[in-house]
Amino acid sequence: MAGRSVHVLAAGLLALIAPVAATASPRDSLGSGLGSPSQATSSLSPAVATGLGAAGPLTTVSGLGRQLEQPAQRLAMLDLDAPFDAPSTAPFPIASPPPVRASYPITPARRALLNTIRYAEGTWAGGQDIGYRILFGGSLMRSMERHPNLVIRTARYASAAAGAYQFMPFTWSLASRLLGLQKFSPEEQDQAALLLIQRRGALALADEGRFTPGLAARLSPEWASFPTLRGASYYGQPVRRFADLKRFYEDNLAQLLGEPSRDNPNGSLAGATTCDQGPLVCRSVEGSGPSL
């Protein structure tokens with residue numbers, strides 16, 4: 001009799017536990033589905049993923065107010081006339097970020113690519129450091145203590161891009177956290193740009209010392225002025241011709257290495273940077289432009 005009571009009691013307990021377990025399973029599956037930080041990052045929507053770049057997709061004027069109310073990662077280059085038509089997926093995977101406070105050595109090949117990005121983005125300024133102060137639209141920021149996070153409007157566009165590589169606020173926030181950057185100085189902007197290059201899987205290509213269509217295409221989702229393999233902007237914005245970028249890169253690299261180029265037969269790069277042989281680490285030339 002006692003044995004039968006135990007079986008009846010056990011059956012009753014199982015009947016009570018089953019609904020509770022069924023109710024708890026969605027919560028448990030949610031917890032297990034969070035996965036590692038890298039998995040969570042890879043699940044970002046395409047709109048957020050493309051918003052990580054220094055330049056981003058375009059939106060219509062009717063959606064301008066709503067866009068400015070969105071989180072910072074959604075605030076990219078805003079076109080006041082064209083429809084919003086961002087690509088659904090990036091053409092190249094984004095690599096895992098480097099460790100916090102990583103420091104990228106700046107070799108001649110890397111400096112030439114950084115300078116080419118500035119040339120494409122309209123912040124080259126003849127190689128002078130004042131290009132690191134440029135806001136979207138051409139005005140200059142007063143301080144380099146931090147990213148200004150200021151939306152500038154022109155007749156057609158509105159953007160909060162700033163600096164030599166036209167960082168969007170969310171992009172800069174991400175890079176500064178990963179690298180432990182404290183200010184918005186030229187040196188820190190260079191480091192953040194190299195982080196973005198690495199995230200696009202293009203740092204190894206950059207280190208080959210050649211400006212190829214594949215390298216430009218990998219960077220096109222990050223900088224809208226770079227052409228895709230089809231020669232167009234990834235976001236449908238104005239784009240630099242590949243031939244012009246390649247010429248600038250090759251001349252710049254030759255000058256950094258002290259070699260003759262088409263524009264400088266003497267092989268000197270006035271007012272910008274030079275590089276030591278051996279480790280080939282670029283350094284600034286004293287008196288190479290306005291001090292920041």
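**View 1. N115 in helix 5 of the predicted model.** N115 is buried, at 3% relative accessible area. Buried means under 20% relative accessible area, exposed over 50%, and partly exposed in between, with a 1.4 Å probe and protein chains only. N115 sits in helix 5, residues 108-121. Helices are DSSP runs of H or I with at least four residues, strands are runs of E with at least two, and both are numbered from the N terminus. Leaving out residues up to four places away in sequence, N115 touches W124, F248, N252 and L256. A contact needs heavy atoms within 4.5 Å.

This is a predicted model, where local features need pLDDT of at least 70, side-chain atom pairs count only at pLDDT 80 or more, and totals for chains, interfaces and linings use all residues. Residues are numbered from 1 along each chain as its sequence is written, and side-chain values use heavy atoms, with hydrogens and water left out.

**View 2. F248 in helix 10.** Helix 10 spans residues 242-256 and holds F248. Is F248 buried or exposed? F248 is buried, because its relative accessible area is 15%, under the 20% limit. Its partners are N115, T116, Y119 and W124, not counting residues up to four places away in sequence. F248 and A112 are 136 residues apart along the chain, yet their C-alpha atoms are separated by 8.7 Å.

**View 3. Helix 6 against helix 7.** Helix 6 covers residues 169-179 and helix 7 covers residues 186-199. Their axes come within 10 Å and cross at roughly 95°. The axes are lines fitted to C-alpha atoms over the stretch in contact, and angles run from 0 to 180 degrees between N-to-C directions. The two helices are therefore roughly perpendicular. That label covers 65 to 115 degrees; under 35 is roughly parallel, over 145 roughly antiparallel, and the rest oblique. From helix 6, T171, W172, L174, A175, L178 and L179 meet E188, Q189, Q191, A192, L195, L196 and R199 of helix 7. These residues divide into eight nonpolar, three polar and two charged.

**View 4. S159 in strand 3.** Strand 3 runs over residues 157-159 and includes S159. S159 counts as buried because its relative accessibility is 1%. Its side chain reaches the backbone nitrogen of A161 at 3.0 Å.

**View 5. The whole chain.** The chain has 10 helices and five strands. Of its 292 residues, 44% are buried. Among contacts with a separation of 6 or more, 58% join residues 24 or more positions apart.

Notes: A polar contact is a pair of N or O atoms within 3.5 Å; within protein, one must be able to donate a hydrogen and the other to accept it, and residues adjacent in sequence count only if both atoms are side-chain atoms. Ala, Val, Leu, Ile, Met, Phe, Trp, Tyr, Cys and Pro count as nonpolar, Asp, Glu, Lys and Arg as charged, and the others, Gly among them, as polar.
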